[in-house]
Every structure is written in structure tokens, then in C-alpha cells.
2 protein chains.
Amino acid sequence: MSGAFSFQVFSAQPGGKARAGRLETPHGPVDTPAFMAVGTQATVKTLDPDDLLAVGSQIILANAYHLSLRPGAERIARLGGLHAFMRWKGPILTDSGGYQLVSLAPLAKVTNEGIAFQSHLDGARMHLTPERAVEIQEALGPDIAMVLDEPLGFPHARAEAEDALRRTNWADRSRDVHRRPDQSLFGIVQGGAFPDLRRESANQLKSLDFPGYAIGGLCLGETKHDTGVLLDAATEVLPEDKPRYVMGMGTPADLLRGVARAADMFDCVMPTRHARRGNLFTRAGRISIKNAAFEEDPAPVDEDCACPTCRGGFSRAYLRHLHRAGETLGQRLMTLHNLHFYQDLLRRAREHIRVGDFTAWSDKLLAGPLGKDPEGPPGGAGGFRRGRDGKIAGEGN
Amino acid sequence: MSGAFSFQVFSAQPGGKARAGRLETPHGPVDTPAFMAVGTQATVKTLDPDDLLAVGSQIILANAYHLSLRPGAERIARLGGLHAFMRWKGPILTDSGGYQLVSLAPLAKVTNEGIAFQSHLDGARMHLTPERAVEIQEALGPDIAMVLDEPLGFPHARAEAEDALRRTNWADRSRDVHRRPDQSLFGIVQGGAFPDLRRESANQLKSLDFPGYAIGGLCLGETKHDTGVLLDAATEVLPEDKPRYVMGMGTPADLLRGVARAADMFDCVMPTRHARRGNLFTRAGRISIKNAAFEEDPAPVDEDCACPTCRGGFSRAYLRHLHRAGETLGQRLMTLHNLHFYQDLLRRAREHIRVGDFTAWSDKLLAGPLGKDPEGPPGGAGGFRRGRDGKIAGEGN
């Protein structure tokens, strides 16, 4: 464990599990609960590092699998590491990419040894082991690395989940080879759709004493109710004094529900992907900039929003024009807005946890437009999947 | 003529024709000689207004034809005009779009009345008259509007050029209907490949006393020698105390040669278009970021460059990665660099004119890599054409 890495819970919600804390990393602090924008290919699409700071980002995510294929992890190491490469001075977390490989590569084959697959770029045959995943991430140099894991899409049989769990020795193997002192390696709780397997997985990982724990394989088609049950099964076992990161979650409502279940970190392509398609989060609900109602609307996306796009006075009419004209400036301006919405939601969540009225505040929001987001209804098969390229599965780019 | 519009020549090059001056517009000053970045659809592709300021832009160009089709000139007027619409506080010049229609729309038909054509967006039949072109631009509200003109591609017969010249009464008609006091309407010198027709055109326009004059129909396939001869033919007739704008010019070398021939304003898609394709201007010559030599190059594009991209420490290796990965952040970072290169070249030209050593400075640059740009050799059929969408003709997007 790195000396520079620590986690403290400052305040917990009376009568609830929501908690606010601070993660210290070699590249600075992260206030939790935190949302991490997804920068799969060493860029949060359309944004530069100053943009990320302007919307309140403290930590971002990149994808080790993608970067290992292009431009190459060792190449990035020779260029001074991922921070220097992309000029982002804050903390970075890299996903190992196991998820992308397993869930979406039709040719990926999982054995006890690792994952055999073909590169999506040039078809080259490759083999990703837990050891190689650590090696790649040590080369890239993020503050937080993830063990290689094998998440399962829903629905799946119990036997599949047990098989995957047996491979939790991937976590041991990862832990054994990880050396980099300025990098923390997180374990990932699996167990599929089965709370008892989730508890078993969490217990196994806990015994390995990771500096942080992710909960993987959620938001993959299960009901919102089941997400909650499975998340609880994991967090009830995991140590209180370590950060919990829920991978691939989610809608704004998902985040609030996750925070209420004692999650500390989140990532999802939803705000950025939605922005590039003209779908914008506002306090009054989600809007599509393609709507003809906006064609002469001089108002900003959200009157109360302090993001660079709304503060800059860019109107709905202008954003609609840029979107229709295929101008990438529109993608950037809308990405700034949506990411700011996510960061601001988490910032307010942290404040309400500290003040002690998180539950009341969150319940009120969930009863409003934010709880009615098309991707957000309980029982739906919604929830965005992250594809092999960090994109939402089933949708072209 | 607007009270807010004026032009002054401060300094001229001893023993040469290069001149430095200042254009005052309702939205602020423009130091000349000036380069105008092309923002066809009310955005200089990938950049926001702060980006434009950061690279030294004082005035930008938009396209009245495009904006009249989408989102509509009257719509932009209802939204407060083009400045408010795109949040650019500085001066704007709009091109009427005659060029795009005539040279590239296969269905455009030119009569004495105007140009009949089909919309490239939905195929609707439309008719653009000189009067309507003024009306559109009065609705859009740029500081400088252009009369509708009919440029000719090279080569062309003298009879064609004479025909087009006869339609110079389009300039009279435009002048007659133009009313907007906070907008200046520029005439456009035509005359094709024939110096005597260029002089005749310039004389006709001069008698109409426009507040500024463009020289159109250059950089369309003629030799660099002919460009110079035709430019001289126009500028020798045009009044000294009015700005001269050479439309669609050009390479960095073209700009220096244009400045030496007493031109004051330029526009071209070259720096922005090149940037999006990974072609970068440097003091050591143009480079392609796709070159494998840059794959581990930690240096900025140009060590001596003060643009946001180079100053920000983004390496050639990172830009190459973004370009190969299809990430639009790369397009933006490279557009910032190239536009800064153009603006900086003109800034230095203005300084050297003021100091009095422009010719020596320019000759030295032209003898170096800048004079050897692939699009820049004398006698070549190079020179970028601007297509109907403000793009370079003959190249897909």
C-alpha cells in the first residue's frame, strides 16, 4: 500500500448508511462520494484537462485494456506515464478491461489462467492474465489500478457465477505481483445475481486486505431492486474504513441510491455519451436538444446551472443547431453541462451527508424528475452497459 | 456606411506595398493585415469563442448561405443576431455564399436576376438574388457583409469572365437595398483570369464607393504568378484608404505574398481543415501527426510556440494517439495550434511592417520551410478551394 494513499470517512448519515469521506492519492484528494468521468482512451471525449477541472472533476477513469492496445502501456510509460501523457494532474483510476473483454468480445475465452481474445483493432490474438493486467497498469501509472475480473451479464445461472467466483484467485495473483508503491490496487467483488455469492466474494477479498474494493457486475440488466440487494450484500461485508467503488453506475437516481447504500465512488459513460447524442440532464428532468421546441429557445440548458456552457450563455437554440449541423463544439458544450450536472449532484450529496439531511434531500429528488429518468425506473432492464470500448453496449458510436 | 466603421492605414513598408492598419467595427477593432478563421456554420469547427481569443483571433467569418438554410437567417435574427447566437463578441464577416453555389452546386443556374439552386440539405428549390443576400446578412447582423458575386473556377474563357463581369450590377443592386447602419457591405472584384477585366471590375466597384473591397475568384487553380498579377491589377485601382480582403487565401506563404501586395484581410479553411486531418504548421515546416516518427515524441508540436496546445504540454505522441483513436479532442488541440500559427504569422507581419523591415523578414521566411509548403510552390495548381460548405473542394470531410 502506498503511504500517499489513505481513506477517511468524515461523516455518516444519521439513521442511514450514506457517508462522506476523503480519499488521498499521490495526485491529490478525492472527496467522496465521487463520480469519475470515463476517459477510455486517455481523454474524456471532447474535453481537455482544464475542462474537467471546470466541471468539478477530481478523479477520472481510463481503460487499461484499450490503452495497452493503442498506443501501448509501455509506450505511455516511456512518455512519463498516463498523467503526463494526457496532461491530467489529478488522480486517475484505470479499469483493467476484463469487463469489456468478457461481456462483449465474441471471441474471448476465459480460463483459470486468464482471458484469451482477439484485439478489436487488428484481430491479433492476445492473452490477458491477472499478472499482465497489473503489469499494464503499473506501466500506465494510475493512482488506482483494478484487478482483472470476470463480470457476468444478466441473466445468468448460479453455476456461471460460482465458476467466475472460483476464479477470484485472480485477485490473489494480482495482489501478489503488484509492486508499485505509488499505486493502490482495488479488488472487485463479484458473485453475479446471488447475494450469498456476493458475500462470499467480499469475504475472500477482505481477507486479502485491499486498500479499496469495487463492486462489479452491477447495472447489467438486473432490476433496480436486485441492484440494491446485491450492493448491500457486498457492502455489509466489506470493511468500513476502505472505499467502495460501484463500477458502471449509473443514472443520477442510481448514484443517489448507491450513496444511500454506502458507496463511495462511481463511474459511468452515461453523462458523456448522452451529451454527445444531445440528451441533457437538468433539474427539471432530461431533455433532448433535438426537440423542435428548442429551435428558437434563447435560454441556457438549465437556468440555475453554473456549468461553463450555461454560464457562457450558449442557448438551447444554438446547441440544437450545432447538434443538427454535426458540429463537435456542440458535443463538447453538452458534455461540459452533463458532467457538471453529475459532479454537482455528488457535491450536493456530500454536503447533505455532512449536514445530516441526505436522506430527506435525496428522497425529495428521487420523487421528482430525477427519479423518473427513462433509464431509471425500478424494475426496468435499463442501466447502461459499458461496452468493450467503454461505450454503452448495444449502441453504435 | 456605419459611423462605427472606419479604416486607417498606420504604416506602410518603405519601398514596398505592404501596409498595417486598423479596422474599427461595431464589435471592436481588427488589426490588419488580418486572418479570419472560417466558422461556416456559426462555429469555427471544434472551437468556442474563448478558444478563438486564446489563439489571437480578432475577427471571424461565417457563411450566410449556410446559415440561411440552417438554422435560418430570420431565426438567428429573432435570437438576437449572429453574435449573440454563437456568443462571439468580436467582429464577424459573412460571405454571401455565391461562391459555394456557383462553383460547386451542380444544379445552380446563374441568370442576371440571381442564382437558382437546390438546397444541399433537403433539395428544396431556392433563388438567391443580390437583394436576398443582403436581406439575409442584415438579418444575421455581421459587422461586414459581402455582395453576392459569381466567381469562376480556372481555367475559363474570356467570354465567361465578361459575362460574369456584366453581372457586376449585382453590386449596384446590393448597395441600393443595403440599409443596416451598423453593418458595412463590401464589394467583390471579379474579372477572372484577365487583368484588364480585373481593373474594369475594380473601377466599377470603386465608383460605388464601398467601405471595403474584396478580391474574389483567386486561389482557384491559377498559378501563383497569375494570382499576383491579378491581385495587383485590382489593388492598383482600388482606393488606398479602404480595406482589401482577398477571399479564400491561403497558405502561410500566400498570406505573406498577399500582404506584400497590399492586401489587408484574408480567410481560408486551410489551418482548421489541415488541423482536423493532423497536418500541423511549424516554423520548421508542415508535419503530419500521423507520421510514425512521432509515436514516442514527448515534444510539443513546436518548441517555440505559445499556443494553448504547445504551452499546455500536449506532446506530439499524445496528439498522434488522439488522431489515430478518432478522438475529437485531438482535432481541437491541433486546430488551436494551426490557427495560432496563422494569427501569429500575421501579428509578426504587422510588427515588421511597423518597424519597416517586412520585406526582408518575409523574404527570409519564404526562402525557408514556409515557402516550401506542399500547397505553396509557385506554378502549382494547388491552393485550396472552398467548397459549398466552406470546406475545401474535392476533399471529403
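This is a predicted model: local features need pLDDT of at least 70, side-chain atom pairs count only at pLDDT 80 or more; totals for chains, interfaces and linings use all residues.
What rotation superposes chain B on chain A? It is a rotation of 180°, with 0.0 Å of shift along its axis, and the RMSD of that superposition is 0.0 Å. The two copies are thus related as by a two-fold rotation axis. The same surface serves both copies, since 100% of the contact residues of chain B recur in chain A.

Let me stay with that contact for a moment. It takes 33 residues from chain B and 33 residues from chain A. On the side of chain B that touches chain A, four helices each supply at least two residues, namely α3 (73-78), α4 (82-86), α14 (316-324) and α15 (328-355) of chain B. Which of the elements of chain B gives the largest share of that side? That is α14(B), which provides 5 residues.

Helix α7 (residues 158-166) of chain B packs against helix α9 (residues 195-207) of chain B at an angle of about 0°, and their axes are 11 Å apart. Because angles under 35 degrees count as roughly parallel, α7(B) is roughly parallel to α9(B). From α7(B), the contact is made by B:A161, B:E162 and B:L165, while α9(B) contributes B:L197, B:E200 and B:S201. The residues of this contact between α7(B) and α9(B) divide into 3 nonpolar, 1 polar and 2 charged.

Strand β8 (residues 115-118) of chain A and strand β9 (residues 125-128) of chain A pair in the antiparallel sense, over 4 bridges, and A:I115 stands opposite A:L128 in β9(A). The two strands β8(A) and β9(A) form a hairpin with 6 residues between them, and in the turn A:G123 has a positive phi of about 75°.

Finally, a word about confidence. The model scores ipTM 0.94 and pTM 0.94. Chain A averages a pLDDT of 91, and 92% of its residues score at least 70. Over residues 376-397 of chain A, however, the pLDDT is below 50, although this stretch has 55 contacts in the model beyond near neighbours in sequence.

Key:
Residues are numbered from 1 along each chain as its sequence is written. Chains are lettered from A and ligands numbered from 1 in the order in which they are written. Copies are superposed by least squares on the C-alpha atoms of residues with pLDDT of at least 70 in both. Two residues are in contact if their C-beta atoms, placed from the backbone, lie within 7 Å. Two strands pair if DSSP finds at least two bridges between them. pLDDT is the predictor's confidence in each residue, from 0 to 100. Axes are lines fitted to C-alpha atoms, for helices over the stretch in contact, and angles run from 0 to 180 degrees between N-to-C directions. Angles under 35 degrees count as roughly parallel, over 145 as roughly antiparallel, 65 to 115 as roughly perpendicular and the rest as oblique. Ala, Val, Leu, Ile, Met, Phe, Trp, Tyr, Cys and Pro count as nonpolar, Asp, Glu, Lys and Arg as charged, and the others, Gly among them, as polar.
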